[in-house]
Amino acid sequence: MVSLEEFAKKWETDFACLSPVARRYPFRLNSYFEGLIRKAGDSIWKQVVPDTREITDTSGFEDPLAEEALSPAPNLVHRYPNRVLWLVNDRCALHCRFCTRKRRWTESPLREPDIKPALDYIASQEQIADVLLSGGDPLLLAEDRLYEILAKLREIKHVEIIRIGSRVPCALPGAVTPRLAAMLSRFHPLYINIHFNHPLEITPESRLACSILADAGISLGSQTVLLRDVNDSEEILAGLFQKLLTIRVRPYYLMQMDLTSGTGHFRTPVSTGLRILRKLRNWISGPAMPQFVIDLPGGRGKIPLFPNMIREINDREMIVKNYKEEYCIYPLLEGESEGLRAELAPR
Ligand SMILES: *Cc1c(COP(=O)(O)O)cnc(C)c1O
């Protein structure tokens with residue numbers, strides 16, 4: 001781990017200015033990820049270096065997704081009928097400054113909570129077919145602890161699939177070992193969603209980590225957060241999504257920033273995400289296209305948003321704009337236009 005003091009000295013940045021921010025929201029960075037920084041203030045830097053706007057921000061909520069309110073057992077969030085989110089670890093390889101769960105950073109880091117209440121709850125709810133492990137980062141748990149959680153979940157007959165959300169393959173790729181992958185592969189079907197935000201995060205090390213996991217038969221997806229001044233451009237995200245396919249990671253979600261206190265400076269307008277998706281469609285491979293989602297405040301769920309490709313509808317045809325920004329005609333059936341308008345009109 002790199003201390004803030006060392007970091008400030010090395011990068012000739014003002015420690016006195018950063019330390020009050022880090023007192024509220026602790027700094028956490030490892031030397032691998034620090035090594036990806038090319039210069040002060042770049043896209044890697046902004047993700048991990050404290051910013052005074054974190055403590056002056058008055059927008060947002062401590063718990064924007066109402067995870068605590070939707071929790072039937074400690075660290076378990078049950079929002080959708082068939083799946084639960086289980087926060088099995090408080091620790092991460094990094095503290096991403098835009099983290100939705102910043103509120104949990106200052107809690108005691110070495111807590112090893114009892115897993116029994118969560119397991120009992122999952123066992124008691126037969127509609128739960130899908131368990132998502134997140135945190136913190138599940139892949140930073142001691143291997144025998146993670147093994148125990150996975151083995152106990154697999155004893156529950158109605159749990160069909162297990163998903164892990166992790167930033168380790170991107171943020172601390174050396175922690176992904178063939179031994180870890182072999183352990184995980186005992187619990188198929190197992191999916192891992194990795195948090196990648198920028199093409200600079202795809203390195204020989206993260207490529208190797210992903211190939212170790214993919215070779216163990218684990219399906220890899222990515223979740224990317226759309227971040228102002230970090231990755232909010234077509235060029236950067238086209239590069240990221242297309243490059244992810246080369247390391248066998250399928251882009252899954254591009255996420256609008258949650259309304260978390262202390263992260264307002266990262267938020268982009270909703271139109272930015274829609275514009276980016278519209279422009280990328282057919283410029284990059286189909287499987288490189290993620291869904292753009294907003295996780296609604298108050299735990300109301302994730303909704304995908306789609307760019308509206310239709311520019312005009314008349315009685316005989318609709319006019320669409322393609323990936324080259326050309327207007328194209330598609331003929332409509334007789335009487336179809338009304339139904340199409342109704343389908344598109346906001347209600
Ligand atoms: C995101 C999330 C899920 C998983 O959603 P998918 O769209 O299936 O990936 C499940 N539970 C909670 C509480 C979530 O926030």
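The chain splits into domain 1 (4-305) and domain 2 (310-344), with bounds taken from an automatic or database domain assignment. Keep in mind that this is a predicted model, where local features need pLDDT of at least 70, side-chain atom pairs count only at pLDDT 80 or more, and totals for chains, interfaces and linings use all residues. Residues are numbered from 1 along each chain as its sequence is written, and side-chain values use heavy atoms, leaving out hydrogens and water.

| Item, domain 1 and domain 2 | Value |
|---|---|
| Distance between C-alpha centres | 38 Å |
| Area buried between them | about 420 Å² |
| Share of that area on carbon and sulfur atoms | 52% |

Buried area here is the accessible area (1.4 Å probe) that two parts lose on being put together, summed over both. On the domain 1 side, Arg278, Asn282 and Trp283 supply 83% of the area buried against domain 2, more than any other three residues. Counting contacts (heavy atoms within 4.5 Å), five residues of domain 1 touch four residues of domain 2.

There's also one salt bridge across this interface, the term meaning a side-chain nitrogen of Lys or Arg within 4 Å of a carboxyl oxygen of Asp or Glu. Arg278 pairs up with Glu325 in a salt bridge, and their closest N and O atoms are 3.1 Å apart.

Now for a hairpin. Strands β8 (residues 291-296) and β9 (residues 301-305) run antiparallel and are joined by five bridges; strands are DSSP runs (E, at least two residues), numbered from the N terminus, and two of them pair if DSSP finds at least two bridges between them. Phe292 sits opposite Leu305 in β9. Four residues lie between the strands, and Gly298 in this hairpin takes a positive phi near 80°.
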